[in-house]
Structures are given as C-alpha cells and as structure tokens.
Amino acid sequence: MNIILLGPPGAGKGTQSAGLVERHGMRQLSTGDMLRAAVKAGTPVGLRAKEVMERGELVSDEIVSDLIDAELAAMTPETGAIFDGYPRTAAQAEALDDILARNGRSLAHVIELEVDEDALVERITGRFSCGNCGALYHDTANPPRNPGVCDTCGSTEFKRRPDDNEETVRTRMAEYRAKTAPILPGYEARGIVTRIDGMGPIDTVARQIDAILAS
Ligand code: AP5
Ligand code: ZN
C-alpha cells in the first residue's frame, strides 16, 4: 500500500511515519530527510538545497522528484511507501503519478494532518532529534523517557534543525498554503483524501491513521 502524509510543517508527518514503519513495515520516503542527508554529505544536490532550505522555501521540483524516483525504484514491490513531505507542488503531484505508474504502484490514501498554526510553531521550536538514529522528540510534548538519553538507541547526542526557528517556520507555512494545499482538490476528486485532527496525542493520531489504512 502506498500513501501520502500531507500537512503543514510540524503537523507530525515524520513522527507518524516512524510509527507506520514500525507497525506495518512500510518504508518512509521523506524528501526533507533525503535533502538534509545530501546537505550533510556536501553533494551537488545538497549544495544547491542548503540555503533554500534555511530560508524555508521549496527546493526545485526536479531535484525532489529525482530523489523519490531513485528511492522507489530501489524498493521491493511488496514494501509499501509512505510519502512524507512529497509531493508539495502541482508539478510534483504530476511527477509522482508518473513515477508510481512506471513502478506498477498506485496511491491508496492521502492523509492530511490538520493542526492549528500556533501549535505548529510551538511544536517546531520545541523539536529535537537523536543525532545518532534520528528519533524525533519535543521538549515538552514528547521528551525522551530518560532525560538526555535516546529511547531508541541510547545515544546522548541530540540536534536541532537550522530551519526550526519561528521566522523560517512562518515562511514554510506560507509555502504550504500557497503551493501544497492547492494539490489536495485533485486527490479529493479521486476520492482518496482523509483529513484527520492532528492536534491529539501522538498515539491517538496513530490509531486514526491505522483505521484509515484498514478501511
Ligand atoms: P521537511 O523536512 O519535509 O519539513 P516540513 O514539511 O516543514 O515538516 P517537518 O519535518 O517540520 O514536520 P513534520 O510534519 O514531519 O512534524 P514532526 O513529526 O517532526 O522539509 C524541510 C525543507 O526541505 C522544506 O522547507 C524545503 O526547503 C525542503 N523540502 C522538503 N521536501 C520538499 C519537496 N517535496 N519539495 C521542495 N522542497 C522540499 O513533528 C514536529 C514536532 O512535534 C516534533 O518535536 C514531535 O515530537 C512533535 N509532535 C508530533 N506529533 C505530535 C502530537 N500529536 N502532539 C504533540 N507533539 C507532537
Ligand atoms: Zn537514537
């Protein structure tokens, strides 16, 4: 099964993707994670993406669609894909249709996580992750069980994203409203969109997503 997790920055796409990987053996395809890995490795894609990401603007459609194309082609056909943070523009939505068709896959669900704007800023400015395994945390809503120690791998190294400041978050939200939200009607016309309340606790949101997958 292939699904898109859609929602503004901080809506919980990455958090819920990690749960889906664990519960259902699906594979998370996050263009944000792929781009951050490219920036870290200093690849040509990373060099082009770094400043655009730090401003909170969108990287070119071609770069992200090529990343998704390559990842999907390397996956076994029986593994389900979670598209996290992709597609984000009409051109990317079109490219995804093409990529899926070439790989003999189809989209089962587009799940939109709805969260209030003030809550998004609060979530993003409080976010940090494990420097070793990437597990996501929040200062107050989702801290490690043992303070300063990653629940998943035991590492004591944590990091924060350079684009997780209030000013950049506002730009990322504006980009979402202007370029990403307009792709929803096209999926709605196919009858595959479900909106869920992303304001509840992480487990409650996860149960709602599982119910959609089982439907
Ligand atoms: P990307 O990495 O995709 O960032 P984003 O869309 O802004 O989303 P986030 O990762 O910030 O949020 P999330 O929804 O995953 O929330 P999370 O689960 O972490 O993109 C970054 C940049 O890369 C873009 O700005 C752009 O430049 C570029 N880019 C990426 N993809 C692109 C594309 N397709 N095209 C062009 N450019 C692209 O949760 C946030 C926090 O809240 C965490 O601390 C978490 O612990 C907490 N939390 C989660 N759920 C809950 C809950 N239910 N209750 C309380 N707290 C919660
Ligand atoms: Zn870890």
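Visitor: Quick one to start: is Arg190 buried, partly exposed or exposed?
Guide: Arg190 is partly exposed. Its relative accessible area is 44%. Keep in mind that this is a predicted model.

Visitor: Which residue does Arg190 form a salt bridge with?
Guide: Asp97. The closest N and O atoms of the two are 2.7 Å apart.

Visitor: Show me another. What does Arg195 meet in a salt bridge?
Guide: Arg195 meets Glu112, at 2.8 Å from N to O. This pair also links distant parts of the chain. Arg195 is in strand E8, Glu112 is in strand E4 (residues 109-114), and 83 residues separate them.

Visitor: Which label does Glu112 get, buried or exposed?
Guide: Buried, because Glu112 has a relative accessibility of 9%. The cut-off for buried is under 20%.

Visitor: What about Arg160, which side chain does it meet?
Guide: The side chain of Asp139, in a salt bridge of 2.8 Å, N to O. Arg160 lies in the loop between E7 and helix H7 (166-180). Asp139 lies in the loop between E6 and E7. They are 21 residues apart in sequence, so here too the pair ties parts together.

Visitor: How accessible are those two?
Guide: Arg160 is partly exposed at 48% relative accessibility. Asp139 is partly exposed as well, at 39%.

Visitor: New topic: rings. How many aromatic pairs does the structure hold?
Guide: Three. One of them is Phe128 with Phe158. That pair is edge-to-face, with 5.5 Å centre to centre and 80 degrees between the planes.

Visitor: Where are Phe128 and Phe158?
Guide: Phe128 is in strand E5 (residues 127-130) and Phe158 is in strand E7 (residues 158-159). They lie 30 residues apart, and the pair links distant parts of the chain.

Visitor: How accessible is each of them?
Guide: Phe128 counts as buried, at 10% relative accessibility. Phe158 is partly exposed, with a relative accessible area of 27%.

Visitor: Which residue forms an aromatic pair with Phe158 at 5.9 Å centre to centre?
Guide: Tyr137. This pair is edge-to-face, with 80 degrees between the planes. Tyr137 lies in strand E6 (residues 136-138) and Phe158 in strand E7, so the pair ties together parts that are 21 residues apart in sequence.

Visitor: Is Tyr137 buried or exposed?
Guide: Tyr137 is buried, with a relative accessible area of 5%.

Visitor: What do the ring pairs make of Phe128, Tyr137 and Phe158?
Guide: A cluster. The ring pairs link the three residues into it.

How values were computed. Residues numbered from 1 in each chain as written. Chains lettered and ligands numbered in written order. Predicted model: local features only at pLDDT ≥ 70, side-chain atom pairs only at ≥ 80, totals over all residues. Heavy atoms only, no water. Phe/Tyr/Trp six-rings, centres within 6.5 Å; stacked < 30°, edge-to-face > 60°. Helix = DSSP H or I, 4+ residues; strand = E, 2+ residues; numbered from the N terminus. Buried < 20%, exposed > 50% of the residue type's maximum accessible area, 1.4 Å probe, protein only. Salt bridge = Lys/Arg side-chain N within 4 Å of Asp/Glu carboxyl O.
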